[in-house]
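Please consult the sequence and the model alongside them.

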Amino acid sequence: MSILPYIGIVVTLIIVILLARPMGSYIARAFDYTPGRLDRWFGPLEKGIYRIGGIRQDNQTWKQYAAAVLISNSILILIVYLIFRLQDKLPLNPADIGAMSPDLAFNTAVSFMTNTNLQHYSGESGLSLFSQMTAIVFMMFVSPATGIAVAIAFIRGLAGKPLGNFFVDLTRALTRILLPIATVAAIILIGLGVPQTLQTGVTAQTLEGAQQQIATGPMGTFLAIKELGNNGGGFMGANSAHPFENPGGVSNMLQIMMMMLVPVSLPFTYGKMVGNRKQGRVLFVSMMMMFIVMLSVSLFSEHQGNPLIQQAGIQQGTGSMEGKEVRIGVEQSSFYSVVTTASETGAVNTMHDTLTPIAGMVAIGNMMLNTVFGGSGVGILNVLMYAIIAVFLSGLMVGRTPEFLGRKIEGKEMKLIAVTLLIQPLLILAPTAIALMTYPNTISNPGYHGLTQVLYEFTSAAANNGSGFEGLSDNTIFWNVSTGAVMFIARYFSMVTLLAVAGSLLMKKPVPETSGTLRTDQPLFGVVFVVAVVIVGALTFFPALVLGPIAEQLTL
Amino acid sequence: MKNVWITLRTSAILFVMCCVLYQLVITGIARVVMPHQAAGSLIYNSNHDVIGSELIGQSFTDPHYFQGRVSSVEYNANGSGSPNYAPSNPELIKRIEESVVTWQKQNPSVPVASLPVDLITNSGSGLDPDITPQAAAAQIPRISKLTGLSAEQLESIVSNNTTPAQLGIFGEPAVNVLKLNLAVQQLRAQS
């Protein structure tokens with residue numbers, strides 16, 4: 001075992017931590033409606049977009065904002081569904097790929113619009129070049145932009161300001177954040193070896209005299225927004241384990257940084273926007289602590305390797321190599337699996353199905369908690385929901401009306417939050433139980449691991465993550481429809497309820513802070529926040545985890 | 001209804017930016033500035049025919065060549081993936097035991113205890129172009145015996161085709177099997 005890969009992990013994390021605060025301030029400035037320096041750069045382009053789009057730059061109420069999100073996203077789902085259904089008749093289909101079935105097209109359209117990118121098809125054989133370059137890439141830009149917009153609107157509400165205009169925020173997320181960074185990243189990734197061509201394949205004469213078909217495509221541009229937007233869907237079936245989609249150690253490190261960039265910055269954006277930077281920092285540190293615990297457990301487990309391989313007389317000096325790539329190695333694969341599930345990206349550079357049971361549990365645990373940074377925008381939304389729960393619990397314990405940022409948290413807000421909190425385990429556990437009872441034949445791995453496969457699929461759908469235990473035969477009507485519905489509800493239900501909370505808090509008069517007010521910008525609050533996350537998460541999901549990964553580990 | 005109209009119009013202009021301009025402009029830049037990478041890091045023979053890609057593994061069944069990792073897709077790069085065997089799946093252990101038997105047959109002088117684990121595990125993509133330096137070293141006795149090339153010659157081409165972890169700390173040292181076997185082929189043609 002070498003120490004060098006660990007230095008690689010530490011260096012990556014230090015760079016990410018150093019980027020978080022300046023990036024967070026940048027995002028806050030990017031969405032500030034008062035004219036500033038950034039308008040000189042982006043103003044003319046954005047004005048053009050507003051004019052062509054017919055966007056009136058007025059503030060929306062929470063209902064108008066939520067309606068704009070739902071209507072725009074639904075229309076795009078419909079358009080993209082049609083593209084998938086008609087891809088055999090549309091242009092740019094050199095590989096002659098057939099139309100998607102209705103259930104798979106529904107699943108894929110919802111999956112990419114909800115920032116999930118669960119893929120029940122394989123990129124090489126399931127999508128035409130036209131579908132990849134239009135439907136998929138467009139969704140990969142618009143869906144993180146939607147998430148960021150809603151998060152910004154929610155934070156504005158907490159800060160006591162009007163929520164803003166959805167279409168303006170969507171445009172700004174694209175012009176000021178996603179497009180510029182993705183452009184630079186794409187060019188760097190291509191330089192590192194990611195193909196960028198409109199040819200879908202070449203044929204090679206191999207050394208042994210056989211023919212090898214090699215699929216290629218415009219992968220650099222695809223990969224950049226896949227990681228930066230916390231999308232995670234692969235151009236190829238093997239995702240970032242594919243050597244074209246992740247040619248080496250540096251491209252792997254860059255992908256990890258891109259996945260983390262927006263989620264780690266948003267706590268600082270929040271701190272700046274509500275005028276309480278210390279609180280943003282407390283949330284950031286709390287999440288980073290949880291992240292490091294998760295990472296350590298995963299690394300430890302992957303290093304042990306598989307005891308059954310050990311028993312067959314094989315030395316596993318490098319750790320568990322099944323489902324992993326040599327150039328990336330065990331440590332960077334484990335690191336990637338923790339980052340992709342913490343940031344709800346869903347890209348994989350190792351097959352999660354083959355992870356050692358405890359490392360698999362870390363991946364699934366990150367998605368169940370959904371608060372270890374979380375995805376573009378929706379992560380901070382969820383985190384702030386838990387922060388309000390932490391305030392509420394503390395308020396109950398000392399017998400005071402809980403306050404958050406000087407506004408009273410009352411029955412109406414708590415009801416909305418409680419429903420949001422309850423819908424997630426319902427969306428995961430109920431369909432898991434149904435699937436286990438009705439379609440056990442879709443499970444590919446026997447024993448306890450089979451239960452984990454099903455649990456993972458619905459957890460990934462409900463967390464809008466998109467990674468999978470891919471052994472599952474999931475391109476069936478049952479899986480396409482059920483996970484499609486779970487992804488849709490999980491994404492939009494919490495967006496609407498939390499916008500309602502923001503709308504309600506906005507109407508309240510601020511109460512002055514007294515000596516009895518719970519300070520939410522102190523380390524103690526960070527502890528309360530983590531305890532709230534862990535208790536709620538652990539109580540809900542621990543039994544399922546015992547039956548799946550823990551039982552598998554104990555019986556190896 | 002107002003939202004529908006705004007969505008359609010805004011989507012049209014954003015589509016032009018995010019799909020048309022973003023992808024086509026970068027494709028153009030890549031083609032001019034980095035044509036080798038953009039096309040898929042292809043390797044050509046002296047007749048300018050494509051014989052593979054630096055980044056994509058090839059199937060080597062002939063024991064005269066260095067062999068790569070287990071691939072359930074048999075290195076058909078028109079697809080990718082792994083069989084997704086869980087650590088507890090009996091099929092995994094069965095496959096590994098079969099690989100060990102084959103190994104012993106082909107490499108009688110190398111004990112199973114020094115058989116590197118990457119040679120008997122399926123890569124994530126099924127297209128892994130690399131093996132570990134240990135896995136290359138373990139195959140040297142066999143190839144030397146079959147081809148008549150000396151162990152020193154083979155050790156030297158292995159080290160020539162080994163790339164260290166990038167920037168020293170990202171990823172792992174790896175030996176590119178296709179490039180290594182091209183060197184084997186060249187040495188055999190010379191001798």
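Two residues are in contact if their C-beta atoms, placed from the backbone, lie within 7 Å. The model discussed here is predicted.

Q: How many residues does the contact take from chain A and from chain B?
A: Helix α7 (residues 166-191) of chain A gives the most to the side of chain A that touches chain B, with eight residues. By class, that side of chain A has 49 nonpolar, 44 polar and nine charged residues. In total, the contact takes 102 residues from chain A and 88 residues from chain B.

Q: Which helix supplies the largest share of the side of domain 1 of chain A that touches domain 2 of chain A?
A: Domain 1 covers 19-275 and domain 2 covers 376-555, and the contact takes 40 residues from domain 1 of chain A and 37 residues from domain 2 of chain A. On the side of domain 1, α3 (62-85), α4 (102-113), α6 (129-158) and α9 (249-274) of chain A each supply at least two residues. The largest share, nine residues, comes from α6(A).

Q: How many charged residues has the contact of α13(A) with α16(A)?
A: Residues of α13(A), including Ile364(A) and Met367(A), meet residues of α16(A), including Leu455(A) and Tyr456(A). By class, this contact has five nonpolar and four polar residues, and the number of charged residues is no charged residues.

Terms used. Residues numbered from 1 in each chain as written. Chains lettered and ligands numbered in written order. Predicted model: local features only at pLDDT ≥ 70, side-chain atom pairs only at ≥ 80, totals over all residues. Domains from an automatic or database assignment. Helix = DSSP H or I, 4+ residues; strand = E, 2+ residues; numbered from the N terminus. Nonpolar A, V, L, I, M, F, W, Y, C, P; charged D, E, K, R; others polar.
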